[in-house]
Amino acid sequence: ADAVEGATVQISAGRLDLPRQGPHISEHNLWNANVPGSTVFAPVTDVAQQMVAFLAVMVSNGYTLFDDRAGRVAGDLDDHFASGLIDPNRKLPLSFFEQYVLCSCATELSVINHNIALAAQGLGIGGWHFTGINPLSVMGAFAGQGVPGLGFRIETSPDWAVPNPVGLDGLFEAWCPPYLPDMRAAQQRLHEVKFGAGGTYDPATGGPFADSPSVKQTAVPYSDAFNDAMGVMMQYVYATYGKFPGTVPTLYMRTYYQAHLIDTDFYDRFFGPEVYFPQQARRSGDSGR
């Protein structure tokens with residue numbers, strides 16, 4: 001409990017206030033989404049950070065980021081082709097790669113909500129995993145229309161079909177501008193997080209192995225050329241599309257878990273008491289069942 005309290009930051013004095021109408025809440029969920037008495041969990045992930053990390057994996061295997069919309073490699077990479085660091089024939093299409101990264105992020109959000117559901121059941125609380133609230137409304141893309149949401153920083157461009165959330169200032173900031181000067185700085189951050197003091201592979205940080213320092217010492221930091229190649233490709237994406245990633249959201253929110261006490265009378269009438277757990281009945285004030 002102390003750990004949770006220590007990591008909790010209150011950003012609003014009240015619950016999320018969204019108009020009970022589209023496009024903020026899906027019409028088929030107007031009757032039950034974000035209702036008083038419930039708690040809505042809305043995990044969000046930094047797709048930019050995930051893409052930086054995944055690109056490092058791809059570059060370490062010789063792949064070259066290729067802008068399949070423009071039909072060209074992502075930046076001036078001739079020196080890195082000549083050195084053999086990356087292979088111009090091992091093309092990693094930008095559209096495919098960004099969808100791959102986004103899918104991975106969405107999967108993680110669903111796993112988070114599934115774990116919340118399991119914890120809620122153990123506590124005797126009901127709820128449901130759903131997608132019927134507009135993430136852009138939650139984050140604040142409609143602030144100019146009097147719907148502030150949670151106050152995320154939202155960027156727009158005539159070239160984008162939808163607004164792009166990039167961060168909650170001071171609390172959850174994506175690995176890209178405006179929180180970093182450019183995408184080369186994002187590559188430097190990845191290197192530091194992995195290999196710098198206190199980083200994942202710093203022998204002094206400990207780990208799960210019997211001799212973690214010895215294991216971590218085998219991790220080889222990225223070379224200057226490796227960092228440069230990644231920086232060139234990532235900066236190309238940002239410069240070309242005005243955002244990072246270029247074709248999917250920078251921050252992503254999609255699935256929610258809404259926790260609430262269950263109505264045991266409803267289930268008894270239409271299903272039978274075997275559809276809920278005894279702890280849920282007790283928590284709902286019906287300990288006689």
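Some ground rules. Residues are numbered from 1 along each chain as its sequence is written, and side-chain values use heavy atoms, with hydrogens and water left out. Because the model is predicted, local features need pLDDT of at least 70 and side-chain atom pairs count only at pLDDT 80 or more, while totals for chains, interfaces and linings use all residues.

I start with the salt bridges. The term means a side-chain nitrogen of Lys or Arg within 4 Å of a carboxyl oxygen of Asp or Glu. How many salt bridges does this rule give? The count is two.

One of them joins Asp169 to Arg153, with the closest N and O atoms 2.8 Å apart. Asp169 lies in the loop between strand 8 (164–168) and strand 9 (172–173), and Arg153 lies in strand 7 (residues 153–155), so the pair ties together parts that are 16 residues apart in sequence. Helices (H or I, at least four residues) and strands (E, at least two) are DSSP runs, numbered from the N terminus. Asp169 is partly exposed at 43% relative accessibility, and Arg153 is partly exposed at 36%. Partly exposed is the range between buried, under 20% relative accessible area, and exposed, over 50% (1.4 Å probe, protein chains only).

Next, Asp228 forms a salt bridge with Arg184, and here the closest N and O atoms are 3.1 Å apart. Asp228 sits in helix 8 (residues 224–241) and Arg184 in helix 6 (residues 183–195), so this pair ties together parts 44 residues apart in sequence. Asp228 is partly exposed at 29%, as is Arg184 at 33%.

Strands count as paired if DSSP finds at least two bridges between them. Strand 3 (residues 64–67) and strand 4 run antiparallel and are joined by two bridges. Phe66 has Val73 in strand 4 as its bridge partner.

Last, the surface. Which residues make the nonpolar surface patch of about 410 Å²? They are Phe266, Phe270, Phe271 and Val275. Patch residues have over 30% relative accessible area and no salt bridge, with like charges joined within 9 Å and nonpolar side chains (Val, Leu, Ile, Met, Phe, Trp, Tyr) within 5 Å. Areas come from the Shrake-Rupley method with a 1.4 Å probe; for residues, only the protein chains shown count as cover. Phe266 lies in helix 9 (residues 264–270) and is partly exposed, at 38%.
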